[in-house]
Amino acid sequence: MDVLTVLNLGDIAQAFSKMGMFPVFDLAYYIVSILYLKYEPGSVEVSRRSPVASWLCAMLYCFGSYILADIMLGHSPVDYFQHNSHILLASAVWYLIFYCPLNLFYKCVAFLPVKLVLVALKEVVRTRKIAAGVHHAHHAYHHGLFIMVIVGYVKGSGVALMSNFEQLLRGVWRPETNEILNMSFPTKASLYGAILFALQEAHWLPVSKSVLILAFTLFMATSKVVMTARHSHGSPFALVESWVCHLLFGSPLGASEDDHHHASAAPASPLKTKEELSEGARKRKVKKAE
Amino acid sequence: MDVLTVLNLGDIAQAFSKMGMFPVFDLAYYIVSILYLKYEPGSVEVSRRSPVASWLCAMLYCFGSYILADIMLGHSPVDYFQHNSHILLASAVWYLIFYCPLNLFYKCVAFLPVKLVLVALKEVVRTRKIAAGVHHAHHAYHHGLFIMVIVGYVKGSGVALMSNFEQLLRGVWRPETNEILNMSFPTKASLYGAILFALQEAHWLPVSKSVLILAFTLFMATSKVVMTARHSHGSPFALVESWVCHLLFGSPLGASEDDHHHASAAPASPLKTKEELSEGARKRKVKKAE
Amino acid sequence: MDVLTVLNLGDIAQAFSKMGMFPVFDLAYYIVSILYLKYEPGSVEVSRRSPVASWLCAMLYCFGSYILADIMLGHSPVDYFQHNSHILLASAVWYLIFYCPLNLFYKCVAFLPVKLVLVALKEVVRTRKIAAGVHHAHHAYHHGLFIMVIVGYVKGSGVALMSNFEQLLRGVWRPETNEILNMSFPTKASLYGAILFALQEAHWLPVSKSVLILAFTLFMATSKVVMTARHSHGSPFALVESWVCHLLFGSPLGASEDDHHHASAAPASPLKTKEELSEGARKRKVKKAE
């Protein structure tokens, strides 16, 4: 009976890790990503004034992870743009979200139940990207554990890691913060995920890759869905991190991410990162801008 | 009779598209480019304080298109610097424009009739660069239509697309604007040219490449010569663009590029882009700086 | 007798140029580099708030020269991170300098006699890096004299050339200055060294590479040790440079680097570059920050 369960779990994980991402999952990824772009203050004005800049930002939001990973591995940063169908699909989503009459498409996909499904699907793609990034790096550098972690990390975090330069494209410059200084939950989870997948790839983690993909996907999807539904940005890692940072790096104990902000000398912008702003405030901003 | 005309046109276009660019046309390109660098406020002080920074900026102005295209295709960004004779020629032009006794060389090449000829020659090089960029990208990615457009675009626009970072090298930082947000005429024309050449390369445009090169060169040279002679920066695309943007992207109709600027929330710098400043104002600035 | 001396010198130079750098010399390089990072204002706070950002900065300080050289030659920027032992050693140094109880490790290595030895060892590594960079570029571009100089230069200067972006990682943005506009002594010496090694590689300098390595190492180590011991940042090149710049580029004669600063319109930050600040001021800052 037990053996059967294990076999079944292995089979399910295997099937899940072989499932194609295009077009359904990728579509969800593009929609949620460009939705976050529209939440960014000023992005609607940019879409009116300079469609080219807006389109480029949308492409960075959708394909930033591929661009960064290609740069890290010394390939052409526009390598992924050879997949015309992906680019066209993302462009269509961009057009519908920013220019659809009556803002209809935006209202549909930003409707909470729809959005929760899309967010869950997006996390499936994120996990697969981390695994693929680590695998790709392992192929290029067999013993390069650090390179595997770095490539998996940029594959999972995507545009967040280059948010300063993405904002610059829209004429916004906020040098006092960046995604490395103030990591949001998806960036942190990508880092931990990349470490796990790199350890698995180096055979230091006694678990098959497909099971790891399934487990990590479930964790990410659950976390993000719960956080989106509750308009929260508290991290499930907070408690463990607080203790580990206190022991290893002498950080003051019990200080939440927010307390760090208050303590920091830099005049932190009130809008921290695109994924940390509460839904309500975002929607009001977007509505006001239109 | 008609067939003969067509043949002759084809022959002329063929001969024109095979004509070597080095050294005459390239020289004109370097002179006009470094002239624009000297028009930039503060560049003369930089040339006195830090010749290395000034030389690097001059190289970015002359070879920025090669650097960007090499980055886009994943090659070494300094690949073009293996052509020692080109670098030496550009360096000589830089030295003469910035340090020639009595400012003699600058006065000669900035003299309007001379400058008009040089500007026309520069556009010949620009068109050839776009065509070469698209061809090069087509060679690397046979079906990568987007990549062809991107590489042709950066080959045509050159340093303009990295103007924020070129300015940073001179200690100037203007994050509120960039060449993508406020495209100047050459940048826009490079984008449209890159699209045309990419369509031609993909056999979607029923015209031979040499004829397209000839036609686009004539259009660019005429436009830029007229604009330089009239100290104007109005774009010949303005009317069509205004309608298309209104229909596709809901931009307010009849709003010229300048109105967009006024409407923008960002405190736009009074100097927009290096190619948009009227000649008179520029010369006064340069004279004052010396 | 004379022949014997020459032979001996040649032998010594040969042996010296073949000496392995790992781990002793590399360790000294990492220690001095991360020491300079700790001197940077705000870096201690960053190490408490965001260990990941602090670690990344430390890696840029230790391996910036490899990253830049790999970018210049079109390789993967994280290529060097495949050497796990080097990364682990540098990470251990970073941990000890920033988080060692009672700040014990920092106090040991910042103790002047110890530091002078480490600084001398660091210059040995710097010279070897310049030579290796030029050699590497020569291998890729046989006649690319400019490329050899550029690659040797970035190999010698390392993180200094990307200091604006390294600071950005820590939330600091000082666009009004950069290492090219205001070169510190090590950056200038790296440029001159890269030119010498490139000329040697092109057989225009009638001296063997090992002798050049020995001579340049002795010059660099002596200069840096004297400068560190005297808390000075005057450059031994100042007099010659002043005359050459006056003759070639019309710079005002006798103006020291500092006078240039005062004359510059940009509101120069009181802290110029990480290697130009006097030791006393640095230590006070670091102590205050803890």
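**Entry 1: chain A against chain C**

I looked up salt bridges between chain A and chain C and found 0; I count a salt bridge when a side-chain nitrogen of Lys or Arg is within 4 Å of a carboxyl oxygen of Asp or Glu. The model is predicted, so I note that local features need pLDDT of at least 70 and side-chain atom pairs pLDDT 80 or more, while totals for chains, interfaces and linings use all residues. Residues are numbered from 1 along each chain as its sequence is written, chains are lettered from A and ligands numbered from 1 in the order in which they are written, and side-chain values use heavy atoms, with hydrogens and water left out.

I then looked for polar contacts across the interface of chain A and chain C and got 8 residue pairs, both residues at pLDDT 80 or more. A polar contact is a pair of N or O atoms within 3.5 Å; within protein, one must be able to donate a hydrogen and the other to accept it, and residues adjacent in sequence count only if both atoms are side-chain atoms.

On the side of chain A that touches chain C, the elements giving two or more residues are α4 (51-72), α8 (145-157), α9 (163-169) and α12 (238-249) of chain A. The largest share, 4 residues, is from α8(A). Helices (H or I, at least four residues) and strands (E, at least two) are DSSP runs, numbered from the N terminus.

The contact involves 28 residues of chain A and 31 residues of chain C, contact meaning heavy atoms within 4.5 Å. I have about 2,400 Å² as the area buried between chain A and chain C, with 69% of it from carbon and sulfur atoms; buried area is the accessible area (1.4 Å probe) that two parts lose on being put together, summed over both. A:Phe146, A:Leu181 and A:Phe249 supply 28% of what chain A buries against chain C, more than any other three residues.

**Entry 2: chain A as a whole**

I counted 14 helices and 0 strands in chain A. Chain A has 290 residues, of which 57% count as buried; buried means under 20% relative accessible area, exposed over 50%, partly exposed in between (1.4 Å probe, protein chains only).

**Entry 3: salt bridges within chains**

The search of the whole structure gave 15 salt bridges over all chains. One of them joins B:Lys188 and B:Glu241, with the closest N and O atoms 3.0 Å apart. B:Lys188 lies in helix α10 (residues 185-201) of chain B and B:Glu241 in helix α12 (residues 238-249) of chain B, so the pair ties together parts 53 residues apart in sequence. Both B:Lys188 and B:Glu241 are buried.

C:Glu40 is buried at 10% relative accessible area, and C:Arg170 is buried at 6%. I also noted C:Glu201 with C:Lys209 at 3.6 Å, N to O; C:Glu201 is buried at 11%, whereas C:Lys209 is partly exposed at 24%. In chain A, a network of salt bridges links A:Glu40, A:Glu166 and A:Arg170.

**Entry 4: B:Phe105**

I located B:Phe105 in helix α6 (residues 104-110) of chain B. B:Phe105 counts as partly exposed because its relative accessibility is 21%. Leaving aside neighbours within four places in sequence, B:Phe105 is in contact with B:Ile31, B:Leu96, B:Ile97 and B:Cys100.
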